[in-house]
Amino acid sequence: MSEPGSLLRSLSGRSTARNYHSHVINEIGAGVISGRYPIGTTLPNDAELMEEFEVSRTVLREALKTLEAKGLLEARPKVGTKVAKKSRWSLYDPQVLAWHLEAPVDAEFLSGLHEVRRSLEPQAAAEVARRRTADQIRLMLYWIHQMETSLGSLQNFALADFELHRIIADSAHNPFVRALYGVIELAHALAYKALMAAPDPCLLDAVLDKHRLLVNRIEYGDEAGARNAMLETIEHDRKVAQRSG
């Protein structure tokens, strides 16, 4: 999942076309994150993996190199390819984040995910409130309208919610906030996955109200209000996501 929004679209269960290379990357990457390939263990040898995934050595080696670049694997001479320690994983990589969606809930990971959002997104909202433009407000109001008209479609509502946060992150003109796209999307995916398992229309109304307030505070240049409203949306996502834990 590399395109913004693709992780949320996957919640419907619709699969996307994949080539052999991406299939191997996804299977092994998700296996590392889920613990199917435990940290510190050595992967099966090339011949076994080639047979398992029905791919050539070239495809396999390229896939393993991609996973090494993401910090999940490390090749060791005369030893093989081992699963790297968590401290080496590239957690801002959208694919690495996406693989956590189907993995067992990790309380430390979930806490860290929302803590990162609390550290940067509220300040971004305050910054946007300070120097918002008419075009930025127009886009935010558009996504609020999309949320309003999507109350009967959880996936479309989730996508509109995420796009609103993406507009705010982009409008802050801070490359480190833009780097949070994957973090923001996974947080939304975890929350909406929990909602899909236990639908609650009242919760969607609450989400909509919190986002209306957020955009209102930005539109009126209320920096403190925008910061607090963003904190409220993040806290709501955290509480909903924990319902599935």
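## Close-up views of a predicted model

**View 1. Arg166 sits over an aromatic ring.** In this predicted model, Arg166 lies over the face of Tyr181. The distance from Arg166 to the centre of the Tyr181 ring is 5.4 Å.

**View 2. Tyr142 and Trp143 make an aromatic pair.** To describe a pair of aromatic rings, you give the distance of the centres and the angle of the planes. The structure holds two aromatic pairs, and one of them joins Tyr142 and Trp143. Here the rings are 4.9 Å apart, centre to centre, with 80 degrees between their planes. That angle is over 60 degrees, so the pair counts as edge-to-face. Tyr142 is also partly exposed, since its relative accessible area is 41%.

**View 3. Helix 2 crosses helix 4.** Helix 2 covers residues 20–34 and helix 4 covers residues 57–69. Their axes come within 9 Å and cross at roughly 50 degrees, which makes helix 2 oblique to helix 4. The crossing is right-handed. Among the residues that meet here are Tyr20, Val24 and Ile28 from helix 2, and Leu60, Ala63 and Leu67 from helix 4.

**View 4. Glu74 sits in strand 1.** Strand 1 spans residues 73–76. Is Glu74 buried or exposed? Its relative accessibility is 17%, so Glu74 counts as buried. Leaving aside neighbours within four places in sequence, Glu74 is in contact with Glu68, Gly80, Thr81, Lys82, Ala84 and Arg88. Look for Thr42 too: Glu74 and Thr42 are 32 residues apart in sequence, and their C-alpha atoms are 9.4 Å apart in space.

Definitions and conventions. Residues numbered from 1 in each chain as written. Predicted model: local features only at pLDDT ≥ 70, side-chain atom pairs only at ≥ 80, totals over all residues. Heavy atoms only, no water. Phe/Tyr/Trp six-rings, centres within 6.5 Å; stacked < 30°, edge-to-face > 60°. Buried < 20%, exposed > 50% of the residue type's maximum accessible area, 1.4 Å probe, protein only. Lys NZ or Arg CZ within 6 Å of the ring centre and 35° of its normal. Axes fitted to C-alpha atoms, helices over the stretch in contact; angles between N-to-C directions. Helix = DSSP H or I, 4+ residues; strand = E, 2+ residues; numbered from the N terminus. Parallel < 35°, antiparallel > 145°, perpendicular 65-115°, else oblique. Left-handed = near helix turned anticlockwise from the far one by under 90°. Contact = heavy atoms within 4.5 Å.
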